[in-house]
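Subject: Structure handover and notes

Hello,

Here is the structure we talked about, for you to open alongside this message. My notes on it follow below.

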Amino acid sequence: MASLRILVGCKRVIDYAVKVRVKPDKTGVVTDGVKHSLNPFDEIAIEEAVRLKEKKLASEIIAVSCGPAACQETLRTALAMGADRAIHVEVDGKDYETLQPIHVSKVLAKLAQEEKVDLVVVGKQAIDDDCNQTAQMTAAVLDWPQATFASKVEKEGESALKVLREVDGGMENILVKLPAVLSADLRLNEPRYATLPNIMKAKKKPIVKKKPSDLGVDISSRIEVISVEDPPVREAGSKVETVDELISKLREIGRI
């Protein structure tokens with residue numbers, strides 16, 4: 001168990017504090033000149049990997065990001081938090097705009113096999129597309145056990161993890177044999193802030209560049225975006241005095 005090697009997915013997303021705007025031509029959202037950061041759920045994934053290493057349960061943490069050159073900044077954040085090295089899978093232009101979880105899953109699966117890792121950890125979802133698919137698809141491609149929506153991870157024996165996961169009905173304890181895929185939920189941990197010394201050290205940590213073609217992964221688009229629209233403006237509500245008036249109002253607007 002001490003030689004556990006962990007691969008962590010790190011997605012570059014529009015910062016959570018930024019108000020997202022749709023492009024005038026409705027082909028997507030405005031990203032130029034907009035602040036980006038490491039996906040918060042992936043930040044939790046990195047933190048959990050670092051904590052496993054601090055407990056002497058892991059020997060190496062490899063951060064991975066798919067996207068344009070700016071993704072290296074996201075990887076530097078992961079390295080400053082405690083990852084040992086990083087892999088940047090370069091995807092630019094139109095290919096990046098149509099990159100889907102299925103593509104990323106195949107990339108992560110291939111890297112997991114090449115790097116001979118024991119655990120793949122990703123955030124449960126990205127805050128830009130909210131897909132919640134990458135962990136599940138990666139486990140399927142690798143044919144590995146999966147523990148999604150993890151809120152607590154503990155060592156169990158020499159070759160398994162006990163995972164407390166959040167489900168619709170409450171909480172669920174499962175046991176997964178390694179190698180496995182894990183997705184981090186919000187309550188798994190609280191990520192640390194990278195200290196200035198660690199930020200400086202991160203600049204010297206290696207980032208290897210690869211292309212999807214190097215991994216034998218086809219990232220050709222499987223979808224076509226027809227139009228991206230702002231959500232409809234919410235109509236103002238109104239107050240009623242009695243139940244009869246409420247029923248009357250609901251009938252007027254065709255709700256009953």
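Asp130 counts as partly exposed, at 45% relative accessibility; buried means a relative accessible area under 20%, exposed means over 50%, and partly exposed lies in between (1.4 Å probe, protein chains only). Asp130 sits in the loop between E6 and H5; helices (H or I, at least four residues) and strands (E, at least two) are DSSP runs, numbered from the N terminus. Although Asp130 is not a glycine, its phi is positive, about 55°. Asn132 is also in the loop between E6 and H5. Asn132 too has a positive phi of about 55° without being a glycine, and at 25% relative accessibility Asn132 counts as partly exposed.

Before you read further, note that this is a predicted model: local features need pLDDT of at least 70, side-chain atom pairs count only at pLDDT 80 or more, and totals for chains, interfaces and linings use all residues. Residues are numbered from 1 along each chain as its sequence is written, and side-chain values use heavy atoms, with hydrogens and water left out.

Overall picture

The protein chain has 7 helices and 11 strands. Its C-alpha trace spans about 70 × 45 × 40 Å along the principal axes. Of the 256 residues in the protein chain, 42% are buried. Among contacts (heavy atoms within 4.5 Å) with a separation of 6 or more, 71% are between residues 24 or more positions apart.

Which residues of helix H5 (residues 134–142) are buried? They are Ala135, Thr138, Ala139 and Leu142. Seen down the axis of H5, these buried residues fall within an arc of 100°, so they line one face of the helix; the arc is that of the directions from the helix axis to the C-beta atoms. An α-helix has 3.6 residues a turn, so residues three or four places apart point the same way. Just after H5, Asp143 has a positive phi of about 60°.

H4 and H5 pack at an angle of about 50°, and their axes are 8 Å apart. Axes here are lines fitted to C-alpha atoms, for helices over the stretch in contact, and angles run from 0 to 180 degrees between N-to-C directions. H4 and H5 are therefore oblique to each other; angles under 35 degrees count as roughly parallel, over 145 as roughly antiparallel, 65 to 115 as roughly perpendicular and the rest as oblique. On the H4 side the contact includes Pro101, Val104, Leu108 and Ala112, and on the H5 side Met137, Thr138, Val141 and Leu142.

Cores and strand E1

The largest nonpolar core has 39 residues, and Ile6, Val8, Ile46 and Leu119 touch the most other members. A nonpolar core is a set of buried Ala, Val, Leu, Ile, Met, Phe, Trp, Tyr and Cys residues joined through side-chain atoms within 4.5 Å. Helix H1 (residues 40–54) supplies the largest share of this core, 7 residues. A second, separate core of 24 residues includes Leu7, Leu99, Leu108 and Leu111. Leaving aside neighbours within four places in sequence, Ile6 is in contact with residues including Ala49, Leu52, Ile62, Val117 and Leu119.

Arg5 lies in strand E1 (residues 4–9). Is Arg5 buried or exposed? Arg5 is buried, with a relative accessible area of 19%. Residues up to four places away in sequence aside, Arg5 touches Glu60, Arg85, Glu115 and Asp118, among others.

Remaining points

The peptide bond from Leu178 to Pro179 is cis, with omega near 0°. Pro179 is in the loop between strand E9 (170–177) and E10.

Arg234, in the loop between strand E11 (207–210) and helix H7 (243–252), is exposed, with a relative accessible area of 81%. C-alpha to C-alpha, Arg234 and Val18 are 20 Å apart in space and 216 residues apart in sequence. Ile253, in the segment after H7, is exposed at a relative accessible area of 52%.

Regards
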